[in-house]
Amino acid sequence: MSFLSVTSVPTLRWSSPKAFTLKPPFASMVFLILGLVMFGLGEALLVNAGVGVSPWTVFAEGVTNITGWSLGLATFLISATVLLLWIPLRQTPGIGTILNAVIVALVLEYALPILPRFDSYLANVMLALTGVFVTGFGGAIYLVANLGPGPRDGLMTGLQRVTGKPIALVRMSIELSVVAIGWALGGTLGLGTLLFAVGIGPAMAIGMQILQTRSVTR
């Protein structure tokens, strides 16, 4: 349970001094892109597993049930609302905020057709677990780069700073709340949804621990 000791995103030698900058350090950009590619691959693995969509998709499905909006529109408006929540949380956007949407979308587009799918339910559950860890580790890399988080990751880091609670618990609380609301509104969920909701926070925290340890030992 040592991941509960991670109460902030660590600053490493390849972290950018500022999130909002027009001249980001080269190393920060490299790690930002690497982290976002891994983040997208993890999400693609979860999609291919087919044992449950992500918590925020469950939420978006619930919103479509009561509004009649398309899933895409609901997802967009939810993301916009989350960004508005950044204002009282004093979160700073950056190039990573934009690249998060672009790179993850591109990875999903090109990775989904070539990633594995299994007939066995158990194998797909393991694939979903792998997806959660890869997403979490990728998220840790790109957050440590400090060039601006995506909407949901920014909500996590903002709430963590305000509450002082461990990153893993803050993210888990957000994801479980979103799942509960989405399910109450009629969204569909599966085992993969719950694995993501419970596992993404610890996976990110463990990833940050590994990165910090590797940086110290070099």
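**Chat about the helices**

Modeller: In α4, the buried residues are G96, T97, L99, N100, I103, V104, V107 and A111. Keep in mind that this is a predicted model.

Colleague: Thanks. What covers the buried residues of α4?

Modeller: The cover includes α1 (26-49), α3 (71-89), α5 (121-144) and α6 (151-163).

Colleague: And how far apart are the end C-alpha atoms of α4, given what its 17 residues should span?

Modeller: They are 23 Å apart. Helix α4 runs over residues 95-111, and at 1.5 Å a residue it should span 24 Å, so the two values agree.

Colleague: Let's look at α1 against α4. At what angle do their axes cross?

Modeller: Roughly 45 degrees, with the axes coming within 8 Å. That angle makes α1 oblique to α4.

Colleague: Which hand does the crossing have?

Modeller: α1 passes α4 in a right-handed crossing.

Colleague: Which residues meet there?

Modeller: From α1, you have M29, L32, I33, L36, V37, F39, G40, L41, E43 and A44. On the α4 side they meet I95, G96, L99, N100, I103, V104, V107, L108 and A111. By class, this contact of α1 with α4 has 15 nonpolar, 3 polar and 1 charged residues.

Colleague: Nice. Now α3 and α6: are they roughly parallel or roughly antiparallel?

Modeller: Their axes cross at roughly 30 degrees and come within 9 Å. That angle is under 35 degrees, so α3 and α6 are roughly parallel to each other. The crossing of α3 and α6 is left-handed.

Colleague: Which residues make that contact?

Modeller: α3 brings T75, S79, V82, L83, L85, W86 and L89. α6 brings P151, R152, G154, L155, G158, L159, R161 and V162. The residues of the contact of α3 with α6 divide into 9 nonpolar, 4 polar and 2 charged.

Colleague: Staying with α6, which of its residues are buried?

Modeller: P151, D153, G154, L155, M156, T157, G158 and Q160. Helix α6 has 13 residues, and its first and last C-alpha atoms are 18 Å apart, close to the 18 Å expected at 1.5 Å a residue.

Colleague: What follows α6?

Modeller: G164, and its phi is positive, near 75 degrees.

Colleague: Where does R90 lie, then?

Modeller: In the loop between α3 and α4. R90 is exposed there, with a relative accessible area of 71%.

Colleague: And what about the phi of N146?

Modeller: N146 also isn't a glycine, and its phi is positive at about 60 degrees. You'll find N146 in the loop between α5 and α6. Its relative accessibility is 29%, so N146 counts as partly exposed.

Colleague: Last one: is N124 buried or exposed?

Modeller: N124, which lies in helix α5, has 7% relative accessibility and so counts as buried.

Colleague: What is N124 in contact with?

Modeller: Leaving aside neighbours within four places in sequence, N124 is in contact with N48, A49, V51, R117, F118 and D119.

Colleague: Great, thanks for the tour!

Key:
Residues are numbered from 1 along each chain as its sequence is written. This is a predicted model: local features need pLDDT of at least 70, side-chain atom pairs count only at pLDDT 80 or more; totals for chains, interfaces and linings use all residues. Side-chain values use heavy atoms; hydrogens and water are left out. Helices (H or I, at least four residues) and strands (E, at least two) are DSSP runs, numbered from the N terminus. The expected span of a helix is 1.5 Å times one less than its number of residues. Buried means under 20% relative accessible area, exposed over 50%, partly exposed in between (1.4 Å probe, protein chains only). Contact means heavy atoms within 4.5 Å. Axes are lines fitted to C-alpha atoms, for helices over the stretch in contact, and angles run from 0 to 180 degrees between N-to-C directions. Angles under 35 degrees count as roughly parallel, over 145 as roughly antiparallel, 65 to 115 as roughly perpendicular and the rest as oblique. A crossing is left-handed if the near helix is turned anticlockwise from the far one by less than a right angle, and right-handed if clockwise. Ala, Val, Leu, Ile, Met, Phe, Trp, Tyr, Cys and Pro count as nonpolar, Asp, Glu, Lys and Arg as charged, and the others, Gly among them, as polar.
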